[in-house]
Amino acid sequence: MFRYLIRRLLWIVPVLFTISMITFVMMKVTPGGPFDVSSSGRELPRELVESLERRYHLHEPEWKQYLIYMGLLPTSTGADGRPVFKGVFQGDLGPSYQYKGRSVTEILFEAGPARPWWESRFGRSAQLGVLGFLLGISIGIPLGIIAALNHNRFADYASLFGATIFVSTPNFVVAIFLMIVFGLWLHWLPIVARSWHEPSAWVLPTFCLGVGQAAFITRLTRATMLEVLRQDYIRTARAKGLRDNVVMLRHALRNAMIPVATVLGPALAALITGTFFIETMFSFPGMGRLFVQSISQRDYSMIMGTTLLFAFMIALANLVVDLVYGWLDPRITYS
C-alpha cells in the first residue's frame with residue numbers, strides 16, 4: 001500500500017503540469033491583459049504598462065513566460081535584489097497583478113497572530129465547503145437509505161421527488177429564492193453579512209451548497225442500496241436469521257457506500273476550494289469569489305494559482321477515495 005500511495009502522489013505532478021499548460025494557453029488566447037486598466041478603471045499610460053510587463057516578463061514569448069512562472073527559468077529581481085517570484089515548483093504561485101506587493105500564496109493563505117488561517121480566503125472557503133458537505137451527507141445518506149428500504153412506497157416517492165427537484169435546480173437559483181424569501185420578505189437572515197463571525201451569516205450559503213449535494217447523494221444512495229439489497233449474500237444473511245439492522249449496517253450499507261464514496265471525495269474538494277456562484281452572490285470572502293474577480297481583471301497569476309490549487313485538491317480527494325475503498329471492502333487490494 002505504501003508503494004501505491006507514493007506512486008499515486010507522484011502521478012499528481014504530471015497532472016498538475018498538464019492542467020497548468022491548458023490553463024496558461026486559455027488565458028493567453030483570451031483578449032485583454034492585466035494592465036489594460038487600473039484598479040480604479042482608468043487606462044494606464046503606455047510607458048507604465050511596458051514597465052510592468054517587463055517586470056513580470058509579460059513582454060517575453062508565451063513559452064518563456066510559462067517556464068518562468070513554473071520556475072524552470074530565472075526571473076527578474078526587485079528593488080531589494082530578490083527574485084520577483086521563485087516559481088510554482090518552489091511553492092510560489094507568483095505575484096498578484098492586481099494586489100500590489102502581494103503574492104497569490106499570501107492572499108489565499110494569509111495567516112498570522114492577528115489573522116488565523118481559518119480567516120484566510122482558503123480557510124473561509126474550506127469552512128463553508130465542509131459545512132455544506134456535512135449538511136449534504138447528513139441529509140442525503142439517511143434519505144437514500146429510507147427510500148431504498150421503502151421501495152415503491154410513499155417515503156420512496158417523496159424523497160425521490162424532492163431529490164429530483166433540487167438536483168434539477170441550479171444552486172444559484174436556490175440562492176435567489178432563499179434571498180428573496182428569508183432575506184427580503186421575512187428578514188430572518190442576512191443576504192450580505194456585515195460580519196462573517198455571526199453564525200446567521202453562514203446559514204443561507206451553507207444551505208445553498210448542501211441541498212444540491214443532499215439531493216444528488218440521496219438518489220445515488222438509493223440506487224446503490226437497491227442494487228445491494230438484491231444481491232444473493234443479503235438473502236443468505238437474512239436466511240440465517242440475522243436481524244435487519246445487522247444486515248443493513250454490516251453487509252448492505254458498507255458495500256453500498258463504495259459508489260457513493262467515489263463522488264463524495266471530489267465533491268468535498270470542489271466545495272472546499274470555493275463555489276464560484278454562491279460566494280459571488282453572497283459576497284463571501286472566499287476563493288471562489290476571488291477566482292471570478294481574477295478572471296475579469298486578467299490576473300494571470302491568481303487564475304493559475306487558484307486553478308492549480310483546485311486541481312491538487314481534486315487529485316488528493318481521488319487518492320483518499322481510493323484508500324477508503326480498501327476500508328469499505330477488504331477484498332480490494334492495492335498494486
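**Figure 1. Glu279, a buried residue in a predicted model.** Glu279 has a relative accessible area of 1%, so this residue counts as buried. Bear in mind that everything shown here comes from a predicted model. Glu279 belongs to helix α11, which covers residues 276-281. Pick out Gly136 as well: from C-alpha to C-alpha, Glu279 and Gly136 are 18 Å apart in space, and 143 residues separate the two in sequence.

Figure 2. Follow the chain from the N terminus and the elements read α-α-α-α-α-α-α-α-α-α-α-α-α; that's 13 helices, with zero strands. The C-alpha trace spans about 80 × 60 × 40 Å along its principal axes. Of the 335 residues in the chain, 42% are buried. The accessible surface comes to about 18,500 Å², and carbon and sulfur atoms account for 65% of that. What share of the contacts between residues at least 6 apart in sequence join residues at least 24 apart? For this chain, the figure is 65%.

**Figure 3. Helix α8, largely enclosed by the rest of the structure.** This helix takes in residues 203-229, 27 residues in total. From its first C-alpha to its last, α8 reaches 36 Å, close to the 39 Å expected at 1.5 Å a residue. Why is α8 described as largely enclosed by the rest of the structure? Because 19 of its 27 residues are buried.

**Figure 4. Arg222 and Asp156, a salt bridge between two helices.** Let's stay with helix α8 and look at one of its side chains. Side chains of opposite charge can pair when their charged atoms come close. Here Arg222 forms a salt bridge with Asp156, and the closest N and O atoms are 2.6 Å apart. The pair links distant parts of the chain, with Arg222 in helix α8 and Asp156 in helix α6 (residues 154-168), 66 residues apart. Are these two partners buried or exposed? Arg222 has 15% relative accessibility, so Arg222 counts as buried. Asp156 is buried too, with a relative accessible area of 0%.

Figure 5. Asp232 counts as exposed, at 56% relative accessibility, while Arg235 is partly exposed with a relative accessible area of 47%.

**Figure 6. Glu106 and Arg102, a partly exposed salt bridge pair.** Here's another pairing to look for. Glu106 and Arg102 form a salt bridge in which the closest N and O atoms are 3.8 Å apart. Glu106 is partly exposed, at 35% relative accessibility. Arg102 also counts as partly exposed, at 25%.

**Figure 7. Phe35 and Tyr97, a tilted aromatic pair.** The model has twelve aromatic pairs. In this one, the ring centres of Phe35 and Tyr97 are 5.6 Å apart and the planes meet at 55 degrees, so the pair counts as tilted. Phe35 lies in the loop between α1 (2-29) and α2 (46-55), and Tyr97 in the loop between α3 (62-70) and α4 (104-109), so the pair ties together parts that are 62 residues apart in sequence. Phe35 and Tyr97 are both buried. Elsewhere, Phe17, Phe24, Tyr66 and Phe89 form one aromatic cluster.

Figure 8. Which helix gives the largest share of the nonpolar patch? Helix α7 (residues 171-185) does, with six residues. Ile176 is found in helix α7, and its relative accessible area of 41% makes this residue partly exposed.

**Figure 9. Ser294 and its contacts.** To finish, turn to helix α12, residues 287-297, where Ser294 is found. Ser294 has 1% relative accessibility, so Ser294 counts as buried. Setting aside neighbours within four places in sequence, Ser294 is in contact with Asp299, Met302 and Ile303.

How values were computed: Residues numbered from 1 in each chain as written. Predicted model: local features only at pLDDT ≥ 70, side-chain atom pairs only at ≥ 80, totals over all residues. Heavy atoms only, no water. Helix = DSSP H or I, 4+ residues; strand = E, 2+ residues; numbered from the N terminus. Expected span 1.5 Å × (residues − 1). Buried < 20%, exposed > 50% of the residue type's maximum accessible area, 1.4 Å probe, protein only. Phe/Tyr/Trp six-rings, centres within 6.5 Å; stacked < 30°, edge-to-face > 60°. Contact = heavy atoms within 4.5 Å. Areas by Shrake-Rupley, 256 points an atom, 1.4 Å probe, with all protein chains shown as cover. Salt bridge = Lys/Arg side-chain N within 4 Å of Asp/Glu carboxyl O.
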